[in-house]
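Please look through the sequence and the structure shown here before reading on.

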Amino acid sequence: MTADAPSASRATYHDGKMEDLKPCAGNKGTQIIVEDLFYNVLTRRKALKSYSDEFQHILHLVTRYALHNNNISFTLKKQSGNSADVYTPGNTTSPEAVIRMLHGPEVASNIVHVEYNGLDADRADSQSTPSDDPS
C-alpha cells in the first residue's frame with residue numbers, strides 16, 4: 001500500500017497472468033506471499049528435492065536482497081513457523097547493522113572495508129600487467 005492510496009490491493013496470479021485484483025485492508029508497504037511457485041515445472045521440482053531445499057534457496061535470495069537494501073524492511077517466515085527466518089527493520093542506515101542481524105556479530109566484526117575509486121579499464125590495464133596479478 002502506498003502512502004497516498006486509500007486502500008491496499010491484493011492481486012492473484014496464475015501461470016504468469018493476473019487473475020484477480022481487489023482492494024483489501026493493509027499497512028503501508030508491500031507484502032508478497034508465494035504459493036506453489038513451481039507446481040507446473042517438472043525439471044524445477046526435480047532440482048528442488050524437498051520443501052526444505054526450496055526454502056533454503058528462497059532464504060538465500062531474500063537475505064541477499066536484505067543485505068543490499070538496508071532501508072527496506074524484510075521478513076521471511078515459513079508458513080508453519082512461529083518466528084521469522086529473516087528479519088530486518090528497514091530503518092537501518094548501516095549495512096554493517098544488517099550484516100550483524102543476518103549473519104551474527106562474529107561475521108560483522110570481521111568485515112574488511114574496501115574503497116573503489118572508479119578507475120576505468122584502460123587506466124587499470126596500464127597500471128598492472130598479468131605478471132603483477134597475485135592469483
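## Salt bridge

In this predicted model, the count of salt bridges comes to one. The two partners are D20 and K22, whose side chains meet with a distance of 3.8 Å from N to O, and this pair counts as a salt bridge because the nitrogen lies within 4 Å of the carboxyl oxygen.

How exposed are the two partners? D20 has a relative accessible area of 32% and is therefore partly exposed, while K22, with a relative accessible area of 42%, is partly exposed as well.

## Overall fold

The protein has five helices and four strands, and when the chain is followed from the N terminus on, these elements run in the order β-β-α-α-β-β-α-α-α. Among the contacts between residues at least 6 apart in sequence, 21% join residues that are at least 24 apart.

## Surface and burial

The protein exposes about 11500 Å², and carbon and sulfur atoms supply 51% of this area. Of its 135 residues, 14% count as buried.

## A residue in helix α2

T63 has its place in helix α2, which covers residues 51–68. Is T63 buried or exposed? Its relative accessibility is 13%, and because buried means under 20%, T63 counts as buried.

Which residues are in contact with T63, once its neighbours within four places in sequence are left aside? They are V86, L102 and H103.

How values were computed
Residues numbered from 1 in each chain as written. Predicted model: local features only at pLDDT ≥ 70, side-chain atom pairs only at ≥ 80, totals over all residues. Heavy atoms only, no water. Helix = DSSP H or I, 4+ residues; strand = E, 2+ residues; numbered from the N terminus. Buried < 20%, exposed > 50% of the residue type's maximum accessible area, 1.4 Å probe, protein only. Contact = heavy atoms within 4.5 Å. Areas by Shrake-Rupley, 256 points an atom, 1.4 Å probe, with all protein chains shown as cover.
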